[in-house]
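I opened this notebook to set down what I looked up in the structure, entry by entry. The chain comes before the ligand.

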Amino acid sequence: MDLYFYNTLTKTKDKFKPINDKEVRIYSCGPTVYKDATIGNMRTNIFQDVLRRTLRYNGYKIKHAMNITDVGHLVSDGDEGEDKMLKSAREENKTPYEIAKYYTELFFNDLKALNIETPEIVCKATDHIQDMLKYVEELVEKGYAYETSTAIYFDISKLDKYPILSNLNLEEQKAGARVNVDPEKRNPYDFALWIKAPENHLMKWDSPWGKSYPGWHIECSAMGRKYLGEQFDIHTGGIDLVPTHHENEIAQSKGACGKIPANYWLHGEYLLINGGKMSKSLGNVYLIKDFIEKGYDPLAYRLFSYSCHYRNKLNFTWDGLLASAKSLERLKNGYQMHLAGKEEISEEIIVEYEERFHKAINDDLNMPLAMGVVWEVVRSEKKSPKLAKLLEKFDSVLGLKITEKTEVQEEIPKEILELVEERKEARKNKDWAKSDELRDIINKKGYNVKDTKDGIEITKK
Ligand code: AMP
Ligand code: ZN
């Protein structure tokens with residue numbers, strides 16, 4: 001089946017054609033490990049995981065690289081302010097390496113809690129200083145970079161086209177000139193490849209330009225090329241990376257290799273909180289650990305993220321999370337009901353469900369549409385282990401661990417499930433007396449049975 005992705009590069013939904021049929025190569029911009037990852041960051045990671053799983057569902061093997069930024073990301077994306085790592089180290093009275101180790105560990109804990117697969121390659125910026133340095137030297141040799149008293153800058157005027165990815169209007173931007181633009185820059189949008197370190201700077205390395213450290217964008221160009229080659233299939237990240245980080249990554253690759261590094265550029269939209277931005281001052285920066293502390297299964301958040309397409313803004317509310325937690329229970333319950341079912345389902349029906357689900361995920365990862373099919377299967381009047389198998393297949397993309405029983409489900413004995421099935425049969429035959437009688441027996445055995453729009457709900461009394 002054809003697979004389509006909205007490509008920020010072409011601004012259209014493009015049919016996916018990998019460079020090499022056997023393996024799809026993906027690069028994702030990973031976290032800057034100076035603070036806790038928020039549920040917003042995790043929305044982007046869930047989208048990237050769904051992408052991986054969808055490619056695998058389509059039979060592709062994957063080679064996915066993700067970087068860990070542990071140096072060079074300044075407080076402002078426009079090469080200004082302090083290095084985020086150093087700021088955090090100073091505030092927390094730790095070394096930048098301790099900060100990086102601590103937040104990297106927390107980041108991977110969150111991925112695990114959300115059942116997000118670890119990319120095949122995880123690469124840390126500070127482990128690749130020499131690769132980055134070599135890349136900058138290549139750019140200087142080829143005439144794309146120049147030295148000032150403070151840094152080595154990329155000269156955007158040397159490119160045939162800049163910007164490529166975003167709709168930045170350089171002339172307009174120049175008119176509304178930003179303050180503090182380095183007067184030694186040839187063009188306001190030239191960006192730092194390598195920065196000369198002040199005397200007391202904590203993270204610095206030897207280079208042809210003295211003790212210095214990398215700019216933010218160079219790590220992704222250097223590590224992407226090292227692990228995936230000069231040109232790979234897909235590049236992903238959050239929408240905020242388009243106008244600066246990804247634009248500059250493309251500039252670097254065009255300078256060094258004469259190529260745009262990836263054919264498809266996929267960007268995830270932002271998560272909002274009560275319609276607005278997440279911010280410390282508003283006290284609404286939520287973490288996955290906050291969900292766990294409040295007793296939520298983090299996978300309820302994963303399901304919550306499927307209520308909206310990844311390219312649309314998603315508004316987080318606690319009510320929404322609660323509703324998703326209930327839905328996750330129903331999904332697992334529905335799966336168990338199918339597993340215990342005994343009815344026959346025709347092959348055509350299974351194929352039809354499967355095709356609709358497949359078409360939805362292949363249409364630029366349309367999870368709200370795919371979930372519509374999942375719920376139809378869950379709510380199917382006919383209960384059959386074949387439908388349970390189909391849900392298992394769907395879950396290879398959903399990643400919701402629907403086969404894992406919840407505490408409540410664990411306690412539902414087979415005997416009760418069989419009585420519920422019998423009651424369902426009675427209701428189908430409009431034998432209300434028998435249905436009531438069976439309900440009483442189930443109640444006496446300590447369980448409640450309720451008919452909901454999502455199917456039958458069994459709960460312990
Ligand atoms: P950072 O660690 O801040 O560099 O961000 C890591 C990734 O998370 C980037 O791809 C960001 O675009 C993404 N991100 C940050 N905040 C949000 C948000 N509120 N919603 C979705 N993605 C986000
Ligand atoms: Zn990057």
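In which loop is the place of Lys11? I found Lys11 in the loop between β1 (4-7) and β2 (12-15), strands being DSSP runs of E of at least two residues and helices runs of H or I of at least four, numbered from the N terminus. Lys11 has a positive phi of about 60°, although Lys11 is not a glycine.

I noted that this is a predicted model, in which local features need pLDDT of at least 70 and side-chain atom pairs count only at pLDDT 80 or more, while totals for chains, interfaces and linings use all residues. Residues are numbered from 1 along each chain as its sequence is written, chains are lettered from A and ligands numbered from 1 in the order in which they are written, and side-chain values use heavy atoms, with hydrogens and water left out.

I then looked up the peptide bond between Tyr162 and Pro163, which is cis with omega of about 0°; Pro163 belongs to the loop between β9 (151-154) and α5 (170-175).

Turning to ligand 1, I listed the residues around it, with a heavy atom within 4 Å counting as near; among them are Pro31, Thr44, Asp240 and Glu269. Helix α1 (residues 39-57) gives the largest share of this shell, three residues.

I checked polar contacts (pairs of N or O atoms within 3.5 Å). The side chain of Asn41 has an N or O atom 2.9 Å from an oxygen atom of ligand 1, and a backbone N or O atom of Gly238 is 3.0 Å from an oxygen atom of the ligand.

Key: A polar contact is a pair of N or O atoms within 3.5 Å; within protein, one must be able to donate a hydrogen and the other to accept it, and residues adjacent in sequence count only if both atoms are side-chain atoms.
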